[in-house]
Amino acid sequence: MHTETIRTIVGIIGNVISFFLFLSPVPTFFKICKAKSVQSFKPDPYVATILNCAMWVWYGMPFIHPDSTLVVTINGIGFFIELSYISILLIFSDWPKRRRILIALLVETVFMAVVVIISLLCLPAIKLRSVVVGALCVIFNVMMYTSPLTIMKRVIKTKSVKFMPFYLSVANLSNGVIWAIYALLKFDPWVFVPNFLGSLSGLVQLILYVTYYRSTQWDEDEAVDKQPNKQLELQNPTAHNQV
């Protein structure tokens, strides 16, 4: 089988896995809609992911990095999914939190506009555009690993994996591995680096899961209900790379 065909198949599989990761917070947002309140949940990861998806869509444009259609498709879909999450948060947030979200979105819009203008007007060579935009994408992805690192620290501290769902950890590992393979088939360092790191992150999560599974107190349902932020953050795929 031709390498390009294999790469396309792997990319499609990556799109499917990433799509379901993007949808993983849906049950929690149903609860938010039902309660008509976001309570004390912080929208930061979702706001950050909108910019992350927009950056990867721009990176995948043929005049930035050719032959990256599957990178564009999943991040385009992810952008609108995350935008719907933000819309729900805006609807059910109080004004101070709503204002912070709107200001953050405005800053991201300005930043994205600057990136687009610089890419088109100041970087005439496609290769140079790819390097600059790709490097920015990697930086944003690495910054987003703060969330899973916080979760892993919590697991080690509490010796409990209650807030680190097993299947989500498996999905994140699979997602990282698939996209890393995709990047290797037609070497793309900017896609490979964050997904390699994502694979390591997913692997460490599974190791922690196996290590602390027996010491987890699963019957402490009350404690879970009192910490909606942790549950929602863990179900949020934005903490991991999607391309």
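I took helices (H or I, at least four residues) and strands (E, at least two) as DSSP runs, numbered from the N terminus. With that convention I read the chain along its sequence as α-α-α-α-α-α-α-α-α-α-α, that is, 11 helices and 0 strands.

I note that the model is predicted, with local features needing pLDDT of at least 70, side-chain atom pairs counting only at pLDDT 80 or more, and totals for chains, interfaces and linings using all residues. Residues are numbered from 1 along each chain as its sequence is written, and side-chain values use heavy atoms, with hydrogens and water left out.

**Whole chain.** I counted a residue as buried under 20% relative accessible area, exposed over 50%, and partly exposed in between (1.4 Å probe, protein chains only); buried residues make up 47% of the 243 residues. Taking contact as heavy atoms within 4.5 Å, I found that, of the contacts with a separation of 6 or more, 84% join residues 24 or more positions apart.

**Helix α1.** I then listed its buried residues, which are R7, V10, G11, G14, N15, S18, L21 and F22. Seen down the helix axis they fall within an arc of 155 degrees, so they line one face of α1; the arc is that of the directions from the axis to the C-beta atoms. Among the elements covering these residues I noted α3 (44–59), α4 (69–92) and α8 (166–185).

I looked at N15 in α1, which counts as buried at 11% relative accessibility. Beyond four places in sequence, N15 touches L70, T73, I74 and W179, and the C-alpha atoms of N15 and T73 are separated by 7.8 Å although the two residues are 58 apart along the chain. For polar contacts I used pairs of N or O atoms within 3.5 Å; within protein, one must be able to donate a hydrogen and the other to accept it, and residues adjacent in sequence count only if both atoms are side-chain atoms. The side chain of N15 reaches the backbone nitrogen of I74 at 3.4 Å. N52 in α3 is buried at 2% relative accessible area, and it touches C137, F140, N141 and M144, again leaving aside residues up to four places away.

**Charged side chains.** Which salt bridges are there, taking one as a side-chain nitrogen of Lys or Arg within 4 Å of a carboxyl oxygen of Asp or Glu? My search of the whole structure gave 2. In one, E4 pairs with R7, the closest N and O atoms being 3.3 Å apart, and both residues lie in α1, 3 residues apart, about one turn of the helix. E4 is partly exposed at 31%, whereas R7 is buried at 5%. In the other, K186 pairs with D67 at 2.5 Å between the closest N and O atoms. K186 lies in the loop between α8 and α9 (189–212) and D67 in the loop between α3 and α4, so the pair ties together parts 119 residues apart in sequence.

**R129.** I found R129 in α6 (residues 126–143), buried yet without a salt bridge, the nearest side chain of opposite charge, D67, being 15 Å away. The backbone oxygen of S119 lies 3.0 Å from a polar atom of the R129 side chain.

Note on methods
Lys, Arg positive; Asp, Glu negative; His and termini not counted.
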